[in-house]
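This report describes one protein structure by topic. Please keep the sequence and the model in view while reading.

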Amino acid sequence: MRNLILVAFVEPVADGLVFPRSEWPLHITLVRFDADAPDSADAAERIAGLAEGPAMAALGARLTVGEDAGFGRNGSVPVNLIQPQPDLQALHEQLVAAAGSLGGTILTPAHTMAGYRPHVSHQGGKRLNPGDAVVLDRIALVDMAPDGDRTVRRILRLWALPETEEPPRR
């Protein structure tokens, strides 16, 4: 079993980046799932292949940070909601379908499709603020336990706008 997550990072990251599980770069979770496959490396490659088209199509979408909220048990996890945006919702739905087509188990099914509430969790002193504009310019497949180590995360695949490219207006 391999625990994978597709996210949209809202701060700079690099392909192959390894970071402690407690020090995530700011991101929007797109879909988290377990890939149950005899060869977990193959599962990651297959989901990356299925995610590439939708990820590339969504790059450049403009998002707006919404209000502060509390997620998790008793609302104890501070987040900023992301205002509804059709390109982001479509990306989420396409990635949920891709994970499902590989037999992936969605870990939070109540928070997918119509129940999807995109947000950015505050990370220590890092956070976004209501009204901030964010461009969907970095989408990644992340391994939640590379080489079986649950204390770190590793970016397996990164789709990004070139640094010099002006994002399209949407």
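Leu81 belongs to strand β5, which covers residues 77-82; helices (H or I, at least four residues) and strands (E, at least two) are DSSP runs, numbered from the N terminus. With a relative accessibility of 14%, Leu81 counts as buried, a term that means under 20% relative accessible area, whereas exposed means over 50% and partly exposed lies in between (1.4 Å probe, protein chains only).

Leaving aside residues up to four places away in sequence, Leu81 touches Val65, Gly66, Glu67, Ala69, Phe71, Arg117, Pro118 and His119. Contact here means heavy atoms within 4.5 Å. Between the C-alpha atoms of Leu81 and Ala48, which are 33 residues apart along the chain, the separation is 26 Å.

## Basis of the model

The model is predicted: local features need pLDDT of at least 70 and side-chain atom pairs count only at pLDDT 80 or more, while totals for chains, interfaces and linings use all residues. Residues are numbered from 1 along each chain as its sequence is written, and side-chain values use heavy atoms, with hydrogens and water left out.

## Strand β1

Strand β1 (residues 2-9) is largely enclosed by the rest of the structure, because eight of its eight residues are buried. In a regular strand, side chains alternate between the two faces of the sheet. Both faces of β1 are covered, with Arg2, Leu4, Leu6 and Ala8 buried on one side and Asn3, Ile5, Val7 and Phe9 buried on the other.

Strands β1 and β3 pair in the antiparallel sense over eight bridges; two strands pair if DSSP finds at least two bridges between them. β1 also runs antiparallel to strand β9 (residues 138-143), to which five bridges join it. Val7 stands opposite Thr29 in β3, and its bridge partner in β9 is Ala140.

## Aromatic residues

Two aromatic pairs are found in a search of the whole structure. Rings of Phe, Tyr and Trp (its six-membered ring) pair if their centres lie within 6.5 Å; planes under 30 degrees apart count as stacked, over 60 as edge-to-face and the rest as tilted.

Phe19 and Trp24 are both buried. Together with Phe9, they form one aromatic cluster.

## The largest pocket

The largest pocket holds about 800 Å³ of space. Of its 25 lining residues, Thr29, Arg32, Phe71, His119 and Ser121 are the closest to its centre. On a 1 Å grid over the protein atoms alone, a pocket is an open set of points with protein on both sides within 12 Å along at least five of seven lines, and lining residues have an atom within 4 Å of a point. Grid points are joined across faces, edges and corners, and the volume is the space filled by probe spheres (1.4 Å probe) set on the points.

β3 (27-35) and β7 (119-121) each supply at least two residues of this lining, and β3 gives the largest share, five residues.

## Two loop residues with positive phi

Most residues other than glycine have a negative phi. Asn74, in the loop between β4 (62-71) and β5, has a positive phi near 60°. Asn74 is exposed, with a relative accessible area of 77%.

Asp147 lies in the loop between β9 and β10 (152-160) and has a positive phi of about 55°. At 73% relative accessibility, Asp147 counts as exposed.
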